[in-house]
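Please read the chains and their contacts in the model shown here.

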Amino acid sequence: MEIPYTVEPRPDSGLANGKLGVWLFLASEVMLFGALFSTYILLRVGAIEWPHGELSVALGGINTVILIASSVTMVIAWAQLKMHNFSRGRLFLIITMVLATIFLVNKYFEYAEHFSKGEGPWHSTFFAIYFTLTGLHGLHIIGGIVVMAYLAGPGAGLWKRNPDQFTNRVEYTGLYWHFVDLVWIFLFPVLYLL
Amino acid sequence: MHSDPAAIQKSIRTYLMVGATLLVFTAITIGVNLIHLAVPLAITVALIIATMKGSMVAAIFMHLNHEKKWIYGALILTVVFFAVLILLPNLSVADSIGKPIGFASGSRAAHGEPAKR
Amino acid sequence: MDTVTHTAHAGTHGDVEHHHEELGFWRKYVFSLDHKVIGIQYAITGLLFLLFGFTLMMVMRFQLAYPGHPIPFIGGLFGPANAPNGVLLPEFYNQLGAMHGTIMVFLGVVPLAVGGFGNFVMPLQIGAPDMAFPKLNMMSYWVYFCGGVTMLASFFQTGGAAQSGWTSYPPLADIAPGQTMWLVGMIFLITSSLLGSVNFIVTIVQLRAKGLSYMRLPFFVWAQLVTSFLLLLAFPPLEAAGVLQLMDRVAGTSFFLPSGLVVSGKPLTVAGGGNPLLWQHLFWFLAHPEVYVLILPAMGIISEIIANNTRKPLWGYKALVYAAVFLGFMSFIVWAHHMFMTGMGTTISAFFQTTTMIISIPSVIILTALLLSLWGASIRFTTPMLFALAFLPMFGIGGLTGLPLGLAPSDIHLHDTYYVIGHFHYVVAPGTIFALFGGVYYWYPKATGRMMSETLGRIHFWFSFVAINFIFMPMFIQGLGGMNRRMYDGGMQYAHNAGLLKWNIVIGIAAWTLGLAQIPFIINFFGSLKWGKLVDKNPWDATTLEWSAPSPPGHGNFLTEPIAYRGPYEYSVPGAASDFTPQFEPERA
């Protein structure tokens, strides 16, 4: 018994199951981060004073560059697979993972610096929302790395059995990854600059 | 969807160009921040730049510029509810009994006066 | 469910030969990928949680009827920390209250209505071999199970279970015992719902059989589709809020703690600057759409039962569909009618009153369409139909009593009183839960190949129907008299409640009667597995696609490719040979 439209798109919707599934999941993620952005606005507007310049714009800026680069490498990975270049596709997938890991390492240094100064989430509402927003975002990065590692490693066997299905999986992972980048594109100015 | 290699090569070039544009916009964001605009203007400019960057990621990297109706429909619905989630709680907290806004703000009660009989 | 069924599929990637090894016990019955097994798992777990949540209330009702008296029979089981000498401590009463709400809503009704009925019936009704993502489906159930275990386990931690109401308002919920495990449990449950809702939407969009256009879908499927969108988009803000409250409790943050808060005479040593209203907004952003999650599947079930047992098409199918979609959309912009008493200004209050009044329109349209469906009908008073018929006036009462709550001036007097409890229980208890019972009696033959006993069914129905009205109708009297909710002594401490206390005894006796009335149902449910009358594919002479599959359906569901030739409710078609023309029956030449 096969589930139809796992790879071939259904004629009337024009979609494969996984693509619709990933986009619906991303819609729920928009609401998740939206709630946190709403929290940020509510707490900031209600605050008597709001800190400015507490965060390292340099580190934040570098991380922004890294994440944008990783989005480019991610979509190129998918494009390579669409051209049936498995080894190039896999290479770009691994480069994306490396960039993501560097992002996390930077984050670690950033967090460590703040904790050493006693600036944990308990310190103020600003740091509370900063750690929550970036922490949740960081968890999403870790999730992305895990999935990419699976696709580059044990999951790569699917390429031989069903290259189209494997390419689709990379595409869906890419959609998730671009969303993670998108969230950061808003997080960076909101938290670090404004 | 089996596209031909030439078309995909061209789209790779597009991806690289968009990536470069995003980096330029990032530099602009940081640059504008150094100008120290007034807070409302700073927020507006920052959000406009971020929205432009986000739109590029969504349209080009996420292929939203040629997606299907169901995806567009689900996303439009999400954007509407996202806007509701951002706006209404903040409006509710802003408009309170002590300091009303809107059509009741000119009332006698708002100014602490008893109602006229 | 041993037979393997094969169907021809369009659009697969060419696997012709399909080899089936016999699955082991664990893969077949515990970690099954089959939507029917998963649906039954959800249903049985949900029913058990409904029973447990109801038992908590039966205990609470004794305390309310006879304050300060030891609970009979089981009072000694709660331990001296909760009920010394069998008398409930106020803290334990509050735990029972908070967990009753949580368990009924999140562990009972939704898993049964969506996870149970949705999973089992929907793929069959659309002619699909299974859900779009079977592995995700299996995971959704087990994550829900973990959430349930977490919630139950929370009773045994020091300080007890959550005790700040199912609504978990800060500052109390930020500092009261038991809340941390509740939050962890909620994160499991929300994750389960999110994964499930993605699965449902993709399945309905992508896996409909040939000929099954959207406007030929049974209304049950439309109800599940709208419900899934509500779950998908409304749950994440509560997940975010749960994380924030967890951080307030564990990481020392002050998202919901205002500055200068003093607890037991000592100021809290936190940064402050938080806002308790933030929690209320994020919580109710979910919890209002959640109540439509509770009612929509029920309306879907009732629609199927009414069409079948009136031998007529549903009146106003298009109106039902558009009303359901509009209802789903509006449900996202009414939530602050739960917050009229928080000091909000008249402008924003007017906005929410307006949207709340508007949202009553689609509900009325749906109820009216279902009522009109009875006009000129040949009604078969089967057990499912009894529950469906009772649903209509019960939902009517529930809906109408919501109106004074949705208008701020009257809400001033009724907020947080027993009137509110009466209102929402009418919609959920003789409303949704009756619909769910009806659904069990209706689809039991499809799931098991046997009918449930009509006699036991009628006993179950009549005793439940009478008892449930004696529970919730007096609550309107109590609420209008000003009796507050969530008081462990039944309101004794306030003089204005003196004349209302006697109703607690009436309500208590009715509640225990309702409990006893479930015994015939339990006997029927399990006994019919062995002694129920054996039936074939379509014992109800119904028209929708699920009745073309074997009872119970095998792996893959259908013996031949299901095709829909017409709409879902072609009953009593003029000139037809019988009083029903199934959706799956080919056109005669």
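## A kinked helix in chain C

Helix 13 of chain C (residues 418-448) has a kink of about 40° at C:Tyr442, shortly before the proline C:Pro445. The bend at a residue is the angle between axes fitted to the seven residues ending there and the seven starting there. Helices (H or I, at least four residues) and strands (E, at least two) are DSSP runs, numbered from the N terminus.

This is a predicted model: local features need pLDDT of at least 70, side-chain atom pairs count only at pLDDT 80 or more, and totals for chains, interfaces and linings use all residues. Residues are numbered from 1 along each chain as its sequence is written, chains are lettered from A and ligands numbered from 1 in the order in which they are written, and side-chain values use heavy atoms, with hydrogens and water left out.

Why is helix 13 of chain C described as largely enclosed? Of its 31 residues, 28 are buried, so the rest of the structure largely encloses it. Buried means under 20% relative accessible area, exposed over 50%, and partly exposed in between (1.4 Å probe, protein chains only). C:Gly449 follows helix 13 of chain C and has a positive phi, near 80°.

## Chain A on its own

Chain A has 6 helices and 0 strands. From the N terminus on, its elements run α-α-α-α-α-α. The C-alpha trace of chain A spans about 60 × 35 × 25 Å along its principal axes. Of the 194 residues of chain A, 65% count as buried. Contact means heavy atoms within 4.5 Å. Among the contacts in chain A with a separation of 6 or more, 74% come from residues 24 or more positions apart.

The size of an interface is often given as the accessible area lost when the parts come together. Buried area is the accessible area (1.4 Å probe) that two parts lose on being put together, summed over both. A salt bridge is a side-chain nitrogen of Lys or Arg within 4 Å of a carboxyl oxygen of Asp or Glu. The table sets out the two interfaces.

| Interface | Buried area | Carbon and sulfur share | Salt bridges |
|---|---|---|---|
| chain B and chain A | about 3,900 Å² | 81% | 1 salt bridge |
| chain A and chain C | about 3,400 Å² | 70% | 1 salt bridge |

Take chain B and chain A. Here 44 residues of chain B are in contact with 44 residues of chain A. The salt bridge joins the side chains of B:Glu67 and A:Lys19, at 3.0 Å from N to O. The rule finds 3 residue pairs in polar contact across this interface of chain B and chain A, both residues at pLDDT 80 or more. Helix 1 (5-34), helix 2 (39-61) and helix 3 (69-94) of chain B each supply at least two residues of the side that touches chain A. Helix 1 of chain B gives the most to that side, with 13 residues. By class, the side of chain B that touches chain A has 29 nonpolar, 12 polar and 3 charged residues. Ala, Val, Leu, Ile, Met, Phe, Trp, Tyr, Cys and Pro count as nonpolar, Asp, Glu, Lys and Arg as charged, and the others, Gly among them, as polar.

Now chain A and chain C. Here 37 residues of chain A are in contact with 47 residues of chain C. In chain A, A:Met1, A:Glu2 and A:Leu24 lose the most area to chain C, together 21% of what that side buries. A:Asp12 forms a salt bridge with C:Arg208, and their closest N and O atoms are 3.4 Å apart. Across the interface of chain A and chain C, 6 residue pairs are in polar contact, both at pLDDT 80 or more. Helix 1 (17-45) and helix 4 (125-152) of chain A each supply at least two residues of the side that touches chain C. The largest share of that side, 15 residues, comes from helix 1 of chain A.

C:Gln206 lies in helix 6 (residues 179-206) of chain C. Its relative accessibility is 0%, so C:Gln206 counts as buried. Leaving aside neighbours within four places in sequence, C:Gln206 is in contact with A:Tyr5, A:Arg10, A:Ser13, A:Leu15, A:Ala16, A:Asn17 and A:Leu20.

C:Ser303 is in helix 8 (residues 276-310) of chain C. C:Ser303 also counts as buried, at 0% relative accessibility. Leaving aside neighbours within four places in sequence, C:Ser303 is in contact with C:Phe219, C:Leu314 and C:Leu370.

Notes. A polar contact is a pair of N or O atoms within 3.5 Å; within protein, one must be able to donate a hydrogen and the other to accept it, and residues adjacent in sequence count only if both atoms are side-chain atoms.
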